[in-house]
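Subject: Structure for you to look at

Hello,

Here is the structure I promised to pass on. Please open it next to this email, and read my notes below as you go.

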Amino acid sequence: MKTVFVVGAGPAGLYASNKLAQAGHQVVLFNRDLKPGGLAEYGIYPVKEKMKSGLRKQFGKILSQPNLHYLGNVPVSKDRAVTLDVLREFAPTALVCAVGAQGTKKLGLEGEDSLGVYSAKDFVYHYNLLPPFSSQDFSTGKRVAIVGMGNVMVDIARWLLIDDPDRKTEEVIVVARRGPFEAKFDHKEFDHIEMFLDCKAFQDELERVKGNLDSVGQDISKLGEATFPVLAKPAQETPGPRLRFSFLTSPQAIHAGAENFVQKPWDNARLLASVRTHIELARALRRGAWQVQAGRIEIRQRAGIRLHRHCFRVRLDLHGDRLGQQPVHNL
Ligand SMILES: Cc1cc2nc3c(=O)[nH]c(=O)nc-3n(C[C@H](O)[C@H](O)[C@H](O)COP(=O)(O)OP(=O)(O)OC[C@H]3O[C@@H](n4cnc5c(N)ncnc54)[C@H](O)[C@@H]3O)c2cc1C
């Protein structure tokens, strides 16, 4: 009988341990996370209880073998108490490392380190309650871009559009380097979010890329049976958040605002509107036609003051050097 150390109790480490234990060896399994299962525990979408419980049952059976010893919450790392050298001191016959793909892949874009830019893996860990990600800030705004077009994108969009208890998403934009025929998600998964698809925007987007699709012999009329069965169903206009796609698109940079939080870049029209608002704000302040409400300054057109065609809700950013403005309603 030999002793084998296995590091990592995801599906790979667990099934390796199972084979070794069944062969009669003593197996000691070290895992960074408290619970075994790796991404099968912390990657699978939270409401897929049936799948999760089926896997947990299998893992529980593996771990119940008397010659298999599970040690959770034990990261093996050169900067932690238990290093590979420490494990080698115990002279196991073999040391198996099955720690999964833990790194995050960077896109190498300017602004990628801005606040509000998250790796999908970390975001998934957060909503699947894996410490320390579970207690870290993964807040999002009203508009969220997801780069990529596979099942993980669908899971994240589903969370943002449906299950997030703090849901404030009004629009999810899927940024896909490839075209609509190369969508990699399963139809069954997409069913969960298809009701949010902005059909008009989707048709406009197909029109935009039609030339490229034609040039490689892809026929848009076949898209329904290929990757987007939702197109074959009668279009429904459901109120609420929207799901949009931007095909054949690669992000070039990520823009951040004054607090280094990711934000939509200022376009010229918006900048001009902002300058106009500055002037109107200055005039309104001079004439006393303003009020402060919960951190917002609101300018209202009042009798005798005919400076504004619109009523603006004006937001001063923290540095006070830029104004965001949004017409509230026409007066
Ligand atoms: C978001 C997401 C969703 C997915 N959903 C599905 C799905 O629905 N169905 C499906 O079949 N596949 C899915 N996959 C793929 C599947 O989860 C992986 O292929 C599988 O989990 C890989 O198994 P693994 O054991 O190699 O690694 P992992 O599952 O990553 O397990 C690695 C284990 O090693 C431990 N570990 C890491 N570092 C250390 C260390 N230094 N010391 C000790 N222990 C360590 C971790 O705690 C973890 O338990 C998904 C993947 C992702 C990213």
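This is a predicted model.

**The ligand site**

Helix α1 gives the most to the shell around the ligand, with three residues. α1 covers residues 11–22. Two further helices, α2 (39–42) and α5 (120–127), each supply at least two residues of the shell. In total, 26 residues surround the ligand. The closest are Gly8, Gly10, Gly38, Leu39 and Gly100. By class, the shell has 14 nonpolar, nine polar and three charged residues.

Where does the ligand lie relative to domain 1 and domain 2? Domain 1 (3–97) and domain 2 (120–246) both give residues to the shell, so the ligand lies between them.

**The four-strand sheet**

This sheet is open, with strand order β3-β2-β1-β4. Its pairing is parallel. The edges are β3 and β4 (94–97). Each has a single partner strand, so one side of each is left without a neighbour in the sheet. Neighbouring strands are turned by 15° against each other on average, direction ignored.

Strand β1 (residues 3–7) pairs with β2 in the parallel sense over five bridges. Val6 has Leu29 of β2 as its bridge partner, and Val7 stands opposite Phe30 in β2.

**The three-strand sheet**

The other sheet is also open. Its order is β5-β6-β7, with parallel pairing. The edge strands are β5 (143–147) and β7 (242–246), and each pairs on one side only. The twist averages 20° from one strand to the next.

β5 pairs with strand β6 (residues 171–175) over five bridges, in the parallel sense. Ala145 stands opposite Ile173 in β6, and Ile146 stands opposite Val174. From β5 the chain crosses through helix α6 (residues 151–163) to β6. This β-α-β crossover is right-handed.

β6 and β7 also pair in the parallel sense over five bridges. Here Val172 stands opposite Leu243 in β7.

β5 has Val144 and Ile146 on a covered face. Its uncovered face holds Arg143, Ala145 and Val147. In β7, Leu243 and Phe245 make up the covered face. Arg242, Arg244 and Ser246 are on the uncovered one.

**Backbone details**

A cis peptide bond joins Pro131 and Pro132, with omega about -5°. Pro132 sits in the loop between α5 and β5.

Two residues have a positive phi without being glycine. One is Asn73, with phi about 60°. Asn73 lies in the loop between β3 and α4 (84–89). Is Asn73 buried or exposed? Asn73 is exposed, because 11 other C-beta atoms lie within 10 Å and the cut-off for exposed is 12 or fewer.

The other is Ala91, with phi near 50°. Ala91 is in the loop between α4 and β4. Ala91 is exposed as well, with 8 other C-beta atoms within 10 Å.

**One more residue**

Lys52 is in helix α3 (residues 49–63). Lys52 is partly exposed, with 17 other C-beta atoms within 10 Å. Lys52 and Gly37 are 15 residues apart in sequence. In space they are 9.5 Å apart, C-alpha to C-alpha.

Best wishes

Note on methods. Residues numbered from 1 in each chain as written. Predicted model: local features only at pLDDT ≥ 70, side-chain atom pairs only at ≥ 80, totals over all residues. Pairing = 2+ DSSP bridges. Axes fitted to C-alpha atoms, helices over the stretch in contact; angles between N-to-C directions. Near = placed C-beta within 6 Å. Nonpolar A, V, L, I, M, F, W, Y, C, P; charged D, E, K, R; others polar. Domains from an automatic or database assignment. Buried ≥ 20, exposed ≤ 12 C-beta atoms within 10 Å, placed from the backbone. Right-handed = clockwise from strand over helix to strand, strands pointing away.
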